[in-house]
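Here is a short report for a reader new to this structure. Please look over the sequence and the model first.

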Number of protein chains: 2
Amino acid sequence: MSTNYLASAMSRIDSSEIRRVFALAASLKNPINLSIGQPHFATPPNIIAAMDKAARDGHTSYTQTNGIQPLREAMAARYHQTNGFDSDPGQILISSGVAALIHLFMLAAINPGDRILITDPCFLIYRSMLNFAGAVVEVIPENFDRDTVAAMQDQKYKFIIYCSPSNPSGYVMRREQIEWLGQLADACGAILVADEIYELFDYENRFVSAGSVYPRSLVFSGFSKSWNMTGLRLAAVATPRGSGDTWQIIQAMTTLQQYTFVCAPAPVQWAGIEALRTDISDYVNQYRRNRDRCVHMLRGSYTIDLEPGGAFYLFPRLPAGRTDREFVEAAIQQKELLVVPGRIFTSQNDRIRISYAAEEDILERGLQALVELAA
Amino acid sequence: MSTNYLASAMSRIDSSEIRRVFALAASLKNPINLSIGQPHFATPPNIIAAMDKAARDGHTSYTQTNGIQPLREAMAARYHQTNGFDSDPGQILISSGVAALIHLFMLAAINPGDRILITDPCFLIYRSMLNFAGAVVEVIPENFDRDTVAAMQDQKYKFIIYCSPSNPSGYVMRREQIEWLGQLADACGAILVADEIYELFDYENRFVSAGSVYPRSLVFSGFSKSWNMTGLRLAAVATPRGSGDTWQIIQAMTTLQQYTFVCAPAPVQWAGIEALRTDISDYVNQYRRNRDRCVHMLRGSYTIDLEPGGAFYLFPRLPAGRTDREFVEAAIQQKELLVVPGRIFTSQNDRIRISYAAEEDILERGLQALVELAA
């Protein structure tokens, strides 16, 4: 039988570009890998010990749908102390990673045809899942200025979504940029959605949480990157106290979590409390040095126009005449180097994403290869 | 601003009945709780130790989207030895619980207007999420006979979904029933979807896996109930080797997992291999005794027409004239007893779900209360 059993929305998800790179990379035995989207350091052992203690204490059963109260309280304390806004622990939803939250948000709040503004470049999941949901996606460059936003005041958006520090560029959204987005949101009734998963990787102390600037915002906070808990699946969404529209969305996300993710892994939720007490500034300092080294090595050959102030990525423009797909193939074939083609994150095709979450010797070999590839 | 920011599909999810029961139950300090959907025993300590070892060995990062190879191989071996069908480890998808798999399946394969046949009563997530997806849901009683299926041969369904052993009734689908569903599926081009999460709780050795009967089937296997890993979030979906349509669906589910669940919790995947080696027959024997005790105590007062051969539930009909909502309220108020109103699982309103996954003394107190409530 040749029936197609797939939902028609599947045709709007295209993961072929990533598969192409994986297929090319599969031939490499020991690549110089600057494509990785997670820290290169190990999960701190105190977090692993806390997870084990929780499991041995019997925390292996379903938790409340919205997450354990002590973790929601710890998150609320953190939002107050670090992110500069107050939230109600009863209005925080714990889920299985920021991707889970993005998905629950889109399920709960996006209708086909809704107009959504996203910053460009952006994390590929936003665009893929917005397309899947049938939303109409418009973009604004992530280093936008006041005039660009002012010219959009007549546009109607339901949500404005951005990621800061940014994957794939490392760009950190300025406070005034968030204020301008808030003014746009006020003008058109939109809600601000901020993915702040890279917040601790902030090399110039420029990170500002959306929740501290604009009340009608949803703040996504992840554990995966800060403490290398990518395989443990933990994240939280919060909103400044008193915002009814955003709380209504978190409630709907919680209802849907009951039918889908059920709860974040129970012992990991307990480990999350320990993570919040765990200092990673040594790693952040190392990544700052890595970032500096990358900029120093590459600025002669590449255009680094999106200032890499955070996360652990650069998203440079290739030398004139080069395209990302051709460049990535050459890097694999000539240098056994893995980087990510920019078109996964943007409609432009002359950029690559470089991750500097790597050991020093690997990074040095990769930078040397990148300099040679640009020559 | 009074805009409604929710997706319109949210209006098709109704969790008010469950919230009503929770609200009523919240007043109880120490209820006789026969409402729980998970085993009462602790997660076996060797599984917890395996999880900790995996985490300490560094398995805290993203895994492959479809799950670690050793677990997929262990599942394939299990399907071969226990479930009676051969599957390719490369075609097995590991995810974060059966609810996750149901969700990914519906996202990947259900279009609004698709006609889906489900057995009745059924696990509440099926109906809720099928409604959310805009599917047209039709039902067949889970203890259907040959004539009932024969009369449906002209109907067109895209999928036929059932759960065996059943939540909420404990009914175990007979081999010939699965064969009849297979004939119906052949006649109308449908695919069979079997939720087999309770397979080890099978008190008369009657459980038959859909994969051993019908090649065009998707088999959902969970770790949550068998080893009390409900809070650890682990499950697998497989299909008999050689079925192209079902493999196409699992591929689409895997694509969507990449954007949503990302991967099942990494150390839990390693612990899953240990779970598959862990014998729980003592617990199963205890639940068999609990089941027998329930039937013995209740059959004078309630109609147990759906034979409770597995899982850890009964779904009896209340004495004539009683409705589930009124009965559940009386049970809470008069006996501090928690059971689940049947209407959550079926369109009938004269049934309750009783869970006998409980300590002996609690079960005895609950049964005594149930006898008195029926008087």
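In which loop does Arg233(B) lie? Arg233(B) sits in the loop between strand E7 (217-222) and strand E8 (235-238) of chain B. Helices (H or I, at least four residues) and strands (E, at least two) are DSSP runs, numbered from the N terminus.

This is a predicted model, in which local features need pLDDT of at least 70, side-chain atom pairs count only at pLDDT 80 or more, and totals for chains, interfaces and linings use all residues. Residues are numbered from 1 along each chain as its sequence is written, while chains are lettered from A and ligands numbered from 1 in the order in which they are written.

**Backbone details**

Arg233(B) is not a glycine, yet has a positive phi of about 65 degrees. Arg233(B) counts as buried, because 29 C-beta neighbours lie inside 10 Å. A residue is buried if 20 or more other C-beta atoms lie within 10 Å of its own, exposed if 12 or fewer, and partly exposed in between; C-beta atoms are placed from the backbone.

Ala311(A) has a positive phi of about 50 degrees, although it is not a glycine. Ala311(A) is in the loop between H11 and E9 of chain A. Ala311(A) also counts as buried, with 31 C-beta neighbours inside 10 Å.

| Peptide bond | Omega | Form |
|---|---|---|
| Asp120(A) to Pro121(A) | near 0 degrees | cis |
| Ser164(B) to Pro165(B) | near -15 degrees | cis |

Pro121(A) lies in the loop between strand E3 (115-120) and helix H5 (124-133) of chain A. Pro165(B) is in the loop between strand E5 (159-163) and helix H7 (175-188) of chain B.

**The two chains**

How are the two chains related? Chain B can be laid on chain A by a turn of 180 degrees and a shift of 0.0 Å along the axis, with an RMSD of 0.0 Å. That is the relation of a two-fold axis. Copies are superposed by least squares on the C-alpha atoms of residues with pLDDT of at least 70 in both. Of the residues of chain B, Asp52(B) comes closest to the rotation axis, at 2.8 Å (C-alpha). The same surface serves both copies: 100% of the contact residues of chain B recur in chain A.

How many residues of chain B are in contact with chain A? There are 59, and they are in contact with 59 residues of chain A. Two residues are in contact if their C-beta atoms, placed from the backbone, lie within 7 Å. On the chain B side, the elements that give two or more residues are helix H2 (45-56), helix H4 (98-109), helix H5 (124-133), helix H8 (244-259) and helix H9 (266-276) of chain B. H8(B) gives the most, with seven residues. By class, this side of chain B has 31 nonpolar, 23 polar and five charged residues. Ala, Val, Leu, Ile, Met, Phe, Trp, Tyr, Cys and Pro count as nonpolar, Asp, Glu, Lys and Arg as charged, and the others, Gly among them, as polar.

**Domains of chain A**

The domain assignment, which is automatic or from a database, gives chain A domain 1 (8-42 + 280-374) and domain 2 (61-276). Their centres, taken over C-alpha atoms, are 25 Å apart. In chain A, 28 residues of domain 1 are in contact with 31 residues of domain 2. Helix H11 (281-298) and strand E9 (313-314) of chain A each give two or more residues to the domain 1 side. The largest share, four residues, comes from H11(A).

**Inside the chains**

Leu124(B) is in helix H5 of chain B. Leu124(B) is buried, with 20 other C-beta atoms within 10 Å. Leu124(B) and Phe345(B) are 221 residues apart in sequence, but 5.3 Å apart in space, C-alpha to C-alpha. Leaving aside neighbours within four places in sequence, Leu124(B) is in contact with Ile344(B) and Phe345(B).

Chain B also has an open sheet of three strands in the order E9-E12-E11, with antiparallel pairing. Two strands pair if DSSP finds at least two bridges between them. The edge strands are E9 (313-314) and E11 (340-341) of chain B, and each pairs on one side only. Tyr313(B) stands opposite Ser355(B) in E12(B).
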